[in-house]
Structure formats: structure tokens, C-alpha cells
Amino acid sequence: MYNPANPLIVQSDRTVFLETANPHYEDARDDLARFAELDKSPEHLHTYRITPLSLWNAASSGMSSGEIINLLNRYSKYEVPTNVVEDIREVVGRYGRVKLLQSDREGMLLLESADELLMLELSRHKTVAPLLGEQLSPTQILAPAMQRGHLKQALIKIGFPVEDLAGYTKGQPLEIQLRETTRTGRPFELRRYQQDAVGVFWAGGDQRGGSGVLVLPCGAGKTVIGIAAMQKVGMHTLVLTTNVTALRQWRSEVLDKTDLSADQIAEYSGETKEIRPVTIATYQILTYRKNKQSPFVHFKLFNEHNWGLIIYDEVHLLPAPVFRAVAEIQSRRRLGLTATLVREDNKEDDVFSLIGPKKMDVPWKELERQGWIAEATCIEYRLPMDNELRLEYALAETRRKYTVASTNPLKIEVILHLLEKHKHDRVLVIGQFIDQLKEIAHILDAPLITGSVRNAQREELFARFRRGDFKVLVVSKVANFAVDLPEANVAIQVSGTFGSRQEEAQRLGRVLRPKSGENQAWFYTLVTRDTIDQEFAMNRQLFLTEQGYRYEIRNYD
């Protein structure tokens, strides 16, 4: 059981070290990802953290504390500390210890636990008590249905995630059939993992299903899974997306793969505001208000129609203000779709309590092995600075240092070198700093898409890139999300949003759509050596390491 040849060292503070050179590294990494979070990923020793939220997500997917402990024992060099074993048992045991159920009183739910002392504690807790009603017995307390989401938020904050079994409002029916042949004439059927994802979310249609988050790679067909969930639920659906481009891609996919007609699908955005059986809106329109003191005028969209399902695309980007509205619509079925649950605002527990726990997390490398996404080679080029730039960097204030390092002019030379290597490929050059991107686009004589480019012009440029009118497209972070460019097989990242792990996932995802032929993608990151640019790049790469990708480091001198 305990063997010095094993790859793990489990420490009493619930950190776990994983040796990357060990022959059992990949198996241990894939098992660890089910119940632990990757914290650091230098070359030889990766650090994971076992957290309450990571354990509760594991528990919600069906993992027991015994299974988690057995996995640690299987891979550990030394005996797993007894306090870690007990912590895992205790934390996992908290999931479902408190349940929300329907009650026979109108407008009320039932908070229930077999633990009488726990119920006494909760009934007197300063953040929980105001959300509760009459205590019916030592094990049951009424709670107003309108406080359902707020109560779940309050309870997870104090370490007791609720198992919500209160069920759902029956939304307005909508019969949807999936096509066997798409409108564009291609055969269509769900892949096995897509069927599994829908099945895990639906859970037979009872109160244990109908809310949760599915985590799958970019290019794995999350939109198709959402459409299949719509068909399974069979009710009017509200889809929330990141931007108008994503909104229209959703609309196109729904029309292409279902028997719904165009007049059954509406756009609700800054340009058009209609409501139909399937309504697709943007997060931007939901969070619009005239000023910081004004109300969010479009939150009414959640309640002014009898939705049976709400789909949150790229749920890791769900704006914080929207959580307030989501907390008040817990009776609607909720599906979150994302490539990564990492949030820059650390509100993962709000996603857990309000959208639902993680129901499925498909490893990227597994789908790569099956050929459903492209095989990716990740290479980081580390570049020097000339003496003039080194002086500017040395004298710059901390925030300015990142701009100086990220916009190192030598990066343009490397881009030209890579474009010569990939002259027959379709290339995205992606960056953060607009002036840098303008210079690159000018030198390459390539189109540039930034936030200032109107939606119609963006869509036209994306369409021309797909047709092959040009082979290189320069894009800002507006292309991070929900841009379907299956022809792109090379991405060159010249600058990023500080240390954003979610951005790294999305940018790699731009080139992971399956390719004909060798099904190969290339992801390059250009960083300035020994600067804050390199430090942030190391943090962004955590996500890729977690998914099993390795970065090849090359020095460019």
C-alpha cells in the first residue's frame, strides 16, 4: 500500500505533492483531479490542495470518503496522515447532512436533518436564522421558498452544503426533437460522453437531477449537450451566453440540430429584445443599468416567462450581480456549461450552491485520445529584453512592468518565425494589449478584431477566416469565448490577462476543434524571460497541467 516508488506525498495540511517523473503520474493525476485542486505546477513536483469544495463536488458526483481515502492510499509513498483521513470523512459527510424538501404549506420549503443538535445550531446562527421560518420539530424547520437560494448560499458559507431535493416548477411545455440529419445535411447523433452528460444532469427527471454544472473541453460540443438537455427537459428554455456572437452561434446550432422553427427562437440582447419558447440572451444585457445606483432593468427576464430550464453558458463567467437573481429562481432547472470552473473572483461556492454541483468533469486528454478534440502541442518561448527595454522595465511601477514585458518588440520577430513554420496553417494571434495587436496586424497585413469592432463586422471576419480568405487573424480577448473557428489549428498568445487560468483554457480551446487529417493543434505562448510576464504565464499554465498537457520551454535568443 505505502511504497517509496509511489508518486504522492500527502501532508497533514491537506496539500498533496505529485511527482511528474513517476510512471504512475498520469493515473494519479487523473484520480486526484476528481477530489483535489491543482495549486502549483513547476516541472518536477505538482502541488494539490484538498478543499471542502473539491470534496463536496466529489461527493455530489457519487464519490464516497472511503473511495477518496483508498485512492490516496493507493498512490502515497507514506502513510496518509490520520488527521487528513478524518478530515475527508468529516467534510464529505457534511454533504447532504442538511436537506431541502417540499412542504405541504404553500410558499414554504422544509429544511431537514437527522442531527437535532445541528438543527439547533443552524436555527440560531446569525446568517441562517433570518432565512428560516417556524420550527416544526427538532429535525425540521420551515423556510420560505423565496429564500431557497439565499439559504443555500448561507449554509455553504458555514460549511454545510445543502442537498436540494425540493424539486422544480413545471415550466411551459415545448416539444423538441433532435434531427438525425442536420439542416446543413450532415448525419447527427450524440457522442457517448454527450449522452452521459445529459443523463447525469437529468438523473431520471426526479428531484436529484435538473441542476448542476458539466465541465468539458472547448470543442467537445457543450452547445450540443445543452440542446440535448433542452430536448430531455421538454420545456421553454432561457439560454444565457457571453456575447452576441455566442448568442447567434447558439441560435444557429439549435436551428441546425432540432426541429424548432426560426419563429420559436428569440434573441434578447442590446440589439433585439424578444421572448419566445427558446430565448437566448447575453450576460451583458442582464447586467445593464443606467448607473451604479440604478436597478438591473432586465433581471425581469428571469421571471416574466414560465421557463422550465435555464442554461448558463460559460458559467465560470456568470457576472456576480446575476447571482442575486439566480438565488431567487431556484425552482427552475439550471444547467451550467464550462471548460473550467476556475473563477477569478473565487465565487466557486456560489456556483455550487446556486447553479448546482459539478456533475461531470471530462478530462481533456481523454477526449484527445478518443479523437474528439485535436491533439495539442504546447510550447512556451522565453525571450530576452534588450538593454533599453530592461532599463524601462527596471524603472517602471509594478503594474506598468507587466505592460512593458508583455509588449516586448522581440515577440513580433518570433511571430514571423512561427508564421513561416506554419505558412500552410490557419493561425490566430491572440493578445491583451490593443496597441501591440494593432502593430502586429499592420506588420502581418492581417485583419484585427477587438472590442471596438461591431458585431456584424466581427461575424463577417470570422466567416471569411472559416472560408480561407486569409490564413492569419489577430484577435483580442473578445475571441476568448464561444467563437467557433474549427479551421484554426495554431494559436500564438503574445499577452494575457495577468495570471488568468480560465483565459488559458479558453485560448487553447480556440484550436481544439477536431481537424481532418492528423488532428493536430499548436499552442504557443510568448513570454519575456525573468519578468512578471513569465510569472503570470506560469500561473496560467496551471489549468493546462491539470488537464494533462505539458509545456515545452524554448529559449529564443
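The following exercises, each with a worked solution, concern the structure shown above.

The model is predicted: local features need pLDDT of at least 70, side-chain atom pairs count only at pLDDT 80 or more, and totals for chains, interfaces and linings use all residues. Residues are numbered from 1 along each chain as its sequence is written, and side-chain values use heavy atoms, with hydrogens and water left out.

**Exercise 1. Overall form**

Determine how the radius of gyration of the chain agrees with that of a compact globule.

Solution. Begin with the rule: the radius is taken over C-alpha atoms, and the globule value is 2.2 Å times the number of residues to the power 0.38.

**Exercise 2. Elements and burial**

State how many helices and strands the chain has, and what percentage of its residues is buried.

Solution. Helices (H or I, at least four residues) and strands (E, at least two) are DSSP runs, numbered from the N terminus. On this basis the chain has 20 helices and 23 strands. Next, buried means under 20% relative accessible area, exposed over 50%, and partly exposed in between (1.4 Å probe, protein chains only). Buried residues make up 58% of the 557 residues.

**Exercise 3. One face of a helix**

Explain why the buried residues of helix H1 line one face of the helix.

Solution. First list the residues: in H1 (residues 25–32), Tyr-25, Ala-28, Arg-29, Asp-31 and Leu-32 are buried. Then look down the axis of H1: these buried residues fall within an arc of 170°, so they line one face of the helix. The arc is that of the directions from the helix axis to the C-beta atoms.

**Exercise 4. Phi in two loops**

Find the phi values of Arg-14 and Asp-445, and locate both residues.

Solution. Recall that most residues other than glycine have a negative phi. Arg-14 has a positive phi, near 70°, and is found in the loop between strand E1 (8–10) and strand E2 (15–19). Asp-445 also has a positive phi, near 55°, and is found in the loop between helix H17 (434–444) and strand E19 (448–449). Asp-445 is exposed, with a relative accessible area of 71%.

**Exercise 5. A residue in helix H20**

Classify Phe-536 as buried, partly exposed or exposed, and give its C-alpha separation from Tyr-402.

Solution. Phe-536 is found in helix H20 (residues 532–546). Its relative accessibility is 22%, so Phe-536 counts as partly exposed. The C-alpha atoms of Phe-536 and Tyr-402, 134 residues apart along the chain, are separated by 9.1 Å.
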